[in-house]
Amino acid sequence: MVVSRNEILFLNYMNRYETTDASTYYLLLEHARRMRNNPTEAEKILWKYLASNRMGVHFRQQHPIYGYIPDFVCLKQKLIIELDGGYHSVGEQPQMDKELTEWLSKEGYRVIRFTNEDVFNRLDEVLDKIAEELENASK
């Protein structure tokens, strides 16, 4: 995808993508779209509850933030929800996830993580935890 200088300037002017600069956003956009179009089963299930402001706030799915693409994010509440598949517990991935979470926390985001199995087997608990985080953010 080729992005013109005017498009980048326009997006920066509109400040529409306050989570990253326009040029980085466009670099990540195609990858984010592919991820949105091919969600995991757990992402499909949870998105049914997060889409269309069903939790009282607007969530985005696979929205670029500072060179990173979280599964779900509520920009207004600065809440990121990650669904971790099996590879998140293997090798260096747990440490990488920890470092990313710490960095995002320094940027003002709260990150909550669930396993895919949590969504499949304990969906009510997952939704309660999300609601609790949203409630705490608005205090």
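Which residue just after α4 takes a positive phi? Select G108: its phi is about 100 degrees. Helices (H or I, at least four residues) and strands (E, at least two) are DSSP runs, numbered from the N terminus.

This is a predicted model, in which local features need pLDDT of at least 70, side-chain atom pairs count only at pLDDT 80 or more, and totals for chains, interfaces and linings use all residues. Residues are numbered from 1 along each chain as its sequence is written, and side-chain values use heavy atoms, with hydrogens and water left out.

**Helix α4**

Step back to α4, residues 93–106. Its end C-alpha atoms are 20 Å apart, which agrees with the 20 Å that 14 residues should span at 1.5 Å a residue; the expected span is 1.5 Å times one less than the number of residues.

Now select Q93, D97 and L104, which are buried in α4 (under 20% relative accessible area, with exposed over 50% and partly exposed in between; 1.4 Å probe, protein chains only). These residues cover an arc of only 40 degrees around the axis, which puts them on the same side of α4; the arc is that of the directions from the helix axis to the C-beta atoms. An α-helix has 3.6 residues a turn, so residues three or four places apart point the same way. The cover over the buried residues of α4 includes β3 (79–84) and β4 (110–115).

**The sheet**

Display the strands next. Four of them form an open sheet in the order β1-β2-β3-β4, with mixed pairing; two strands pair if DSSP finds at least two bridges between them. β1 (60–61) and β4 are the edge strands, each pairing on one side only. Between β3 and β4 the sense is parallel, over six bridges.

**Y68**

Finish at Y68, in the loop between β1 and β2 (72–74). Is Y68 buried or exposed? At 14% relative accessibility, Y68 counts as buried. Not counting residues up to four places away in sequence, Y68 touches L28, H63, I80, E82, L100 and L104 (contact means heavy atoms within 4.5 Å). Y68 and L100 are 32 residues apart in sequence, with their C-alpha atoms 9.0 Å apart in space.
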